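Here is a short walk through one protein model, written for someone who would rather look at a fold than a list. Keep the 3D view open as you read.

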Amino acid sequence: MGFRMFQGYVAQGCKADGDVIEMGVGMGGAGDPYSCFDTAVYIREKFLDKKIYACDCFKGLPYTEDCSFLKIGECFTFTAEEFIEAVKKEKLENIIVPVVGLFKDTLPSLSDKRFCFAYLDADLYQSTLVAVKFLISRMTIGGVMGFHDCESGSRCKGVIKVIREYMEPNPKYKLMNGNESTYQFFERIKE
Ligand SMILES: C[S@@+](CC[C@H](N)C(=O)[O-])C[C@H]1O[C@@H](n2cnc3c(N)ncnc32)[C@H](O)[C@@H]1O
């Protein structure tokens, strides 16, 4: 999926109420068509009153699990300080809010927020599960949740497991694109 197509989902989600959240930020999108920096620029250019909550421990993968071959510390890219510096350099600190730490510890501080676009790129079952359980009731109608690493050949088997268990059977969400894509997007269609 190219940058334009991804940005189409961002644009669609941003029509709904609420803020944006990314879970598994790393460098903010290097080598990936999605970048929270691009979304922040989109928000700025369209004068949208939205924040991007950029959640990551910025230490690489925090767990290992049986369903994948991923190791603790894998995917380490930016430290929290490097990410915060990059946000400042791009002059996006009024839009991107770094949320540093393990999801299970940081998400309670966002419990009063509602989201129009969420992007999950945390690779692991446990991490994706925590994220989905948090977000599923907090996405607004018309809001879009996107997942990375969903294709059957992916090393991140836990991501598709969470999707099968929690997203596909949920009548409040509709899959927006093909279920064999690397990226899967779900729209919240019901209260
Ligand atoms: C594949 S990388 C993200 C890459 C990023 N989207 C990019 O394009 O640069 C996965 C990220 O998820 C983070 N992560 C995974 N599980 C986490 C958890 N439970 N809490 C906080 N961060 C987590 C890791 O630190 C890592 O940076």
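Two residues are in contact if their C-beta atoms, placed from the backbone, lie within 7 Å. With that in mind, look at helix α6, residues 157-167, where Gly158, Val159, Ile160, Val162 and Ile163 are buried. The cover over these buried residues of α6 includes α5, β5 and β7. Please remember that this is a predicted model.

**The strands around β5**

| Strand pair | Residues | Sense | Bridges |
|---|---|---|---|
| β4 and β5 | 115-120 and 139-147 | parallel | five |
| β5 and β7 | 139-147 and 184-188 | antiparallel | four |

Phenylalanine 147 takes part in both pairings: leucine 120 stands opposite this β5 residue, and glutamine 184 is its bridge partner in β7.

**The core**

Which residues have the most contacts inside the largest nonpolar core? They are Phe117 and Ala118, in a core of 55 residues. Strand β4 gives the most to this core, with six residues. Phenylalanine 117 touches Val10, Gly13, Cys14, Val20, Gly143 and Val144, leaving aside residues up to four places away in sequence. As background, nonpolar side chains in soluble globular proteins tend to be buried together.

**Around the ligand**

The ligand is surrounded by 23 residues, and the closest are Gly24, Gly26, Cys57, Asp121 and Ser127. By type, this shell divides into 11 nonpolar, seven polar and five charged residues.

One of the closest, serine 127, sits in helix α5. Is serine 127 buried or exposed? Serine 127 counts as buried because 26 other C-beta atoms lie within 10 Å, and the cut-off for buried is 20 or more. Serine 127 touches Phe103 and Ala122, again not counting residues up to four places away in sequence. The C-alpha atoms of serine 127 and valine 162 are separated by 9.8 Å, although the two residues are 35 residues apart along the chain. Valine 162 is one of the buried residues of α6.

**An exposed loop residue**

Now turn to phenylalanine 69, in the loop between β2 (52-56) and α3 (80-89). Phenylalanine 69 is exposed because 11 other C-beta atoms lie within 10 Å, and a residue with 12 or fewer counts as exposed. The C-alpha atoms of phenylalanine 69 and lysine 50, 19 residues apart along the chain, are separated by 37 Å.

Terms used. Residues numbered from 1 in each chain as written. Predicted model: local features only at pLDDT ≥ 70, side-chain atom pairs only at ≥ 80, totals over all residues. Near = placed C-beta within 6 Å. Nonpolar A, V, L, I, M, F, W, Y, C, P; charged D, E, K, R; others polar. Pairing = 2+ DSSP bridges. Helix = DSSP H or I, 4+ residues; strand = E, 2+ residues; numbered from the N terminus. Core = buried A, V, L, I, M, F, W, Y, C linked by C-beta atoms within 7 Å.
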